[in-house]
Amino acid sequence: MLHSTLYFLPLNCVLTTLLFGGKHGAFINMHVSLTVYQLQQEAPRPKRITCPQEVCAALFHGVISRDYADELLVGTEGAYLIRESQRQPGTCTLALRFGHQTLNYRLFYDGKHFVGEKRFESVHDLVTDALITLYIETKAAEYIAKMTTNPIYEHLGYTSLLKDKMVHRLSRGRTEPRRVTFQRDEKISSPLVRRSALKDMPEKQCSYEKIHNFKVHTFRGPHWCEYCANFMWGLIAQGVRCSDCGLNVHKQCSKLVPSDCQPDLRRIKKVFSCDLTTLVKAHNATRPMVVDMCIREIELRGMKSEGLYRVSGFSEHIEDVRLAFDRDGEKADISASAYADINIIAGALKLYFRDLPIPVITFDLYSKFIQAAKLPNAESRLEAIHEGLLQLPPAHYETLRYLMAHLKRVTMFEKYNLMNAENLGIVFGPTLMQPPEQNALTTLNDMRQQKLVVQLIIEHEDVLF
Ligand SMILES: [Zn+2]
Ligand SMILES: [Zn+2]
């Protein structure tokens, strides 16, 4: 439904004033009913000019002068040939007739042919695409420049529907973090007293955003941009497509599309190794269901298990759990009848965190947390960690908050499970935070701080979130 609407919409878009330069620089103001789509149909077609020597007849003409190439091409729009460059022997030049002049491009080959960004199977395809682009950019330059100024994007029913959904989710999804200040008064030492000393500040304005994951895309059949509603011209790589939500736009329009990507569940193939925000948005949830389900299972039957999170389960069984989540999503069976050993579930949860493409404590904020842990004063350390937490993306913040509340409960059973904030810090430190550039030395140097950050968040979870 959506696509059929889009398909016809631009056909009604009329290029009312189409300006193009005449041969003598005069501008002709034309009122024509042309769409960029029609312009593409009108663009000159490529015509191979083969070598005139009787026995040769190849597209490649060897070393010939610019003037001679000109002579061979003159009079035929779209005519092209390949010659060896006179200035740089060994390199190829594509000579192409367009707009009553011969254009010369350095032609490259690396398995595919290219003169710019786009790579083609054949020189013929390259020339077809070049002629379309040249024709449209000449005929409708002004129109293209203005294309993005009045986007249809906001007006699309599906976008506003999406916005409603997002606002709705925001209101129930995110618990706004309290902005608090920590008193520097050294006399205040116990967490309880400290908590009462916290002051609520105005809430942080935080919108739940996710950027689109645009990749250059070749569309088969005519396609129109879902941002500006104009035709996506060219033979290949006509635009970009978001691989999370499937939004199709011009490359130039992709820079203007708001960060409101709503991942499509059908495009999200896996649960593990999927970006946290993407997964949460695709499932319309606050946290990844893997986290919720594993924690629920552990709290049900594992809280008194000695060495919980420290003792590892069989890696093959942990791998089984991962596959079950990737395959069945929230229907994955992780009950005691499927996996009697709770360490398998705990191991799967740790694996989930370790496999995130962006760790829960993001690469961007990594050094902020490490620096926080290095501060000598306990109060300023907590304050700096709190600052860092407030900067986490919402999905990361919510997930961490939930996990830390759980780990705090785990420590309440220390008598049985022998796990406290300190040894949980050792386990979860490197799992929740990894340096942006992995190298053995940084990892080794930061281990103490990683442990301390997680330990402090567990200990002060009630104050920090
Ligand atoms: Zn998207
Ligand atoms: Zn566009």
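Which residues are the protein donors of the zinc ion (ligand 2)? In this predicted model, they are Cys225 (SG), Cys228 (SG), His250 (ND1) and Cys253 (SG), which lie 2.1 to 2.4 Å from the ion. Donors here are N, O and S atoms within 2.8 Å of the metal (3.2 Å for Na, K and Ca), and since water is not among the atoms, sites may look incomplete.

The angles among the 4 donor atoms of ligand 2 run from 97 to 116°, and the site is tetrahedral. Four donors are given that name if all angles lie between 85 and 135 degrees. Ideal angles at a metal are 109.5 degrees for four tetrahedral donors. Along the sequence, the donor residues of ligand 2 follow the spacing C-x2-C-x21-H-x2-C. Cys225 is buried, with a relative accessible area of 0%, and Cys228 is buried too, at 5%; buried means under 20% relative accessible area, calculated with a 1.4 Å probe on protein chains only.

Attention now turns to a pair of helices. Helix H13 (residues 363-374) packs against helix H14 (residues 378-390) at an angle of about 165°, their axes being 8 Å apart. H13 is therefore roughly antiparallel to H14, a description used for angles over 145 degrees. The contact (heavy atoms within 4.5 Å) involves residues of H13 including Leu365, Phe369 and Ala373, and residues of H14 including Arg381, Ile385 and Leu389.

The chain as a whole has 19 helices and 11 strands, which are DSSP runs of at least four residues (H or I) and at least two (E), respectively. Of its 465 residues, 49% are buried. Among contacts between residues at least 6 apart in sequence, 61% join residues at least 24 apart.

Residues are numbered from 1 along each chain as its sequence is written, chains are lettered from A and ligands numbered from 1 in the order in which they are written. Local features need pLDDT of at least 70 and side-chain atom pairs count only at pLDDT 80 or more, while totals for chains, interfaces and linings use all residues, and side-chain values use heavy atoms, with hydrogens and water left out.

Notes: Axes are lines fitted to C-alpha atoms, for helices over the stretch in contact, and angles run from 0 to 180 degrees between N-to-C directions. Angles under 35 degrees count as roughly parallel, over 145 as roughly antiparallel, 65 to 115 as roughly perpendicular and the rest as oblique. Buried means under 20% relative accessible area, exposed over 50%, partly exposed in between (1.4 Å probe, protein chains only). Four donors count as tetrahedral if all angles lie between 85 and 135 degrees; four count as square planar and six as octahedral if opposite donors are over 155 degrees apart and all others between 65 and 115; anything else is irregular.
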